[in-house]
Amino acid sequence: MKVRELAHARTGDKGNISNISVIAFDAAGYARLHAQLTVERLARHFASLAPERVERYDLPTIRAFNFVLHGVLAGGVTRSLALDAHGKCLGSYMLELELPDDWAGSGCGR
Amino acid sequence: MTSIRIGSGAGYSGDRIDPAVELAEHGDIRYLGFECLAERTIALAQLARLTDPDAGYDPLLDARFRAVLPVCHRRGITVITNMGAANPAAAARRTREIARELGLSGLKIAYIAGDDVLARVRDDEFELMETGAPASSLGDRIISANAYLGMAPIIEALRAEADVIITGRVADPALFAAPIVHEFGWPTDDWRRMGQATVVGHLLECAGQITGGYFADPGYKDVAGLARLGYPLAEVDADGSAVITKVAGSGGCVTPATCSEQLLYEIHDPARYLTPDVIADFSQVRLEPDGPDRVRVVGAGGRARPERLKVSIGYRDGFIGEGQISYGGAGAVERGRLALDIVRERLALTGVACDEIRAELIGLNALFEGQADQYPPEVRARVAGRTASAQAAACIGNEIEALYTNGPAGGGGSQKSVREVIAVASTLLARSAVSPAVHCLEV
């Protein structure tokens, strides 16, 4: 299952750092993402951007996570050569991440 | 005072104007904030001021104020905006002219100076947060340095009963937090309340981004009426809790989902959101439904404000040249790749020095490099490169354009551009080195 079926996302940027929120549609989705959307898995998904460091912050009160990817914006919006210099599209790419299907929890989905 | 209503009329410099007029006309608001100053915008504005001492404020200030000042004046709505950018004094003078042209009188226009700390940054040794190098290593390439001011000078202007308050660089949430703190008379070292005022400001600062703008994803997150998206307003109670809502009948939506996305927008550690006024803690915020298009926000906290202020330094950083051309139909990807190879080889052959180059096929690998493997019906070849001179930058687009008669078959729709890069770096400066000042003009 892709993250997209469990959550929505928005991307922000500050300098050369991208932050991507992942917000679960419901409690079951949050539980699964909490277990499966690890920093390591996410770093592999974004490997082509060669993040220097990835951090995850959990916000259980709103069933959300904030991922902070350092060094992924080609120098940041003012000097990046990228077509999407803000990295605005990265959140949609996050939703494409495929989660392992060995999840034992129940009641997933929207 | 039990509750105040604050609207957000812009989330960036080029934002729509009619939703702000709608808020002023029908939002029953007491304050209307306009956040129009991105990190890169102030450096570009400083560049404009270098060539014209009366320039350097927001390019849409005229259009925006012509549209909203009459209704705000009529309804007693105080306007707070950072449209002053690099030149709040000139922005205030221009606003006075506009008010006169509109026949408005009895208007007090305040502007806030003191965020420009260029002289200070040139004279002393400051470390750049991004690289650890001294700011002096940028030498005469530095064109601007602006410290992020907090809400204090805005509150001072509110106490002076200003009708329009124009700032340069201030922390974005302060535009909205200042009237909350002013109305309720909160002590500015009540960190929990400063955190709550800051979360309201942060939620409002991007305008339509919390009312369903930048949110729609058909089939997953449907939003009605995006062409007439309503901008948000907050009803803030004396205990600091707030409801985010919008004008009834406007397009868009306000839900816990839209508010969650905006809560985390451009945030790193949610428990440590640094502003000049407080280290805000959003990690325990709750977003509760409170009726249709109404979401209650509670639970923000805070700790003592940082000792030093963040400073954005703008500096000249060479040029970017770019060219694009499209290939479609049979073999489009192969011809596109050939085009990129030709341009790379030509730039090497003709000795165009690029510090960095990016060659890609839009529709195949421009957004998620190395990830796409599907072959589309068309691609757009794009080459962008960083150079020391404008002349060298121009060569890149010229080589793309020359593909018309020298490259693969069937290229079409070539475009090219050159722009000077004004990059931004950050440093920290002691509060004591910054002296905000409020000045007033009257009509």
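Two strands count as paired if DSSP finds at least two bridges between them, and the strands themselves (E, at least two residues), like the helices (H or I, at least four), are DSSP runs numbered from the N terminus. What I am showing is a predicted model, in which local features need pLDDT of at least 70 and side-chain atom pairs count only at pLDDT 80 or more, whereas totals for chains, interfaces and linings use all residues. Residues are numbered from 1 along each chain as its sequence is written, chains are lettered from A in the order in which they are written, and side-chain values use heavy atoms, without hydrogens or water.

Let me begin with the sheet. In chain A, 4 strands form an open sheet in the order β1-β2-β4-β3, with antiparallel pairing, and its edge strands, each pairing on one side only, are β1 (7-14) and β3 (53-59). Within this sheet, β2 (residues 17-24) and β4 (residues 64-70) of chain A pair over 7 bridges, and A:Ser18 has A:Leu69 in β4(A) as its bridge partner.

Now to the helix from the other chain. Helix α9 (residues 256-263) of chain B packs on the sheet and touches β1 and β2 of chain A, contact meaning heavy atoms within 4.5 Å.

Finally, consider A:Ile23, which has its place in strand β2 of chain A. Is this residue buried or exposed? A:Ile23 is buried, with a relative accessible area of 2%, where buried means under 20%, exposed over 50% and partly exposed in between, with a 1.4 Å probe and protein chains only. Leaving aside residues up to four places away in sequence, A:Ile23 touches residues including A:Leu6, A:Ile62, B:Ser260 and B:Glu261.

How values were computed:
Axes are lines fitted to C-alpha atoms, for helices over the stretch in contact, and angles run from 0 to 180 degrees between N-to-C directions.
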